[in-house]
Amino acid sequence: MADAPVEFHGVEVGLVKGIELINPDLVRILMSVNKTVPVTKATVATITARGLSSRGFTGYVYVSLDDVSNNFQPLVTQSGELYPSLV
């Protein structure tokens with residue numbers, strides 16, 4: 001799934017750089033997203049697919065970013081982390 005597109009409200013804004021299984025219920029995805037994209041605490045990421053396409057046998061896989069609440073505070077990088085997190 002590396003190099004899969006990242007979309008914000010249906011517009012391509014970046015690429016997946018890496019993916020890691022943390023536990024059976026949690027996956028960590030490292031994304032490179034355009035700095036102008038307003039990713040906030042209201043934003044959630046969903047791995048999804050659309051029909052069959054040339055990007056893969058099982059279809060077009062991408063990460064969708066959407067706002068699901070009214071908490072539009074900017075993300076901050078936590079102590080000891082390199083990047084801000086949606087979780």
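**Contacts and sheet**

Modeller: Leaving out neighbours within four places in sequence, Ser 64 is in contact (heavy atoms within 4.5 Å) with Glu 7, Val 44, Ala 45, Thr 46 and Thr 48. This is a predicted model, in which local features need pLDDT of at least 70 and side-chain atom pairs count only at pLDDT 80 or more, while totals for chains, interfaces and linings use all residues. Residues are numbered from 1 along each chain as its sequence is written, and side-chain values use heavy atoms, with hydrogens and water left out.

Colleague: Is Ser 64 buried or exposed?

Modeller: Ser 64 has a relative accessible area of 12%, so it counts as buried (under 20%; exposed is over 50% and partly exposed lies in between, with a 1.4 Å probe and protein chains only).

Colleague: Which side chain joins that of Ser 64 in a polar contact?

Modeller: That of Asp 66, at 2.8 Å. A polar contact is a pair of N or O atoms within 3.5 Å; within protein, one must be able to donate a hydrogen and the other to accept it, and residues adjacent in sequence count only if both atoms are side-chain atoms.

Colleague: Where is Ser 64 placed?

Modeller: In strand S5. Strands (E, at least two residues) are DSSP runs numbered from the N terminus. S5 covers residues 60-67 and pairs with S1 in the parallel sense over 3 bridges; two strands pair if DSSP finds at least two bridges between them. Within this pairing, Glu 7 stands opposite Ser 64.

Colleague: Which strand runs antiparallel to S1?

Modeller: Strand S2 (residues 11-23), joined to S1 (residues 5-8) by 4 bridges. In S2, Glu 12 is the bridge partner of Glu 7, and Gly 14 is that of Val 6. The two strands form a hairpin with 2 residues between them, and His 9 in the turn has a positive phi of about 50°.

Colleague: Changing topic, where is confidence lowest and highest?

Modeller: By pLDDT, the predictor's confidence in each residue from 0 to 100, S4 is lowest at a mean of 86 and S1 highest at 95. The chain mean is 87, and 90% of its residues reach 70 or more.
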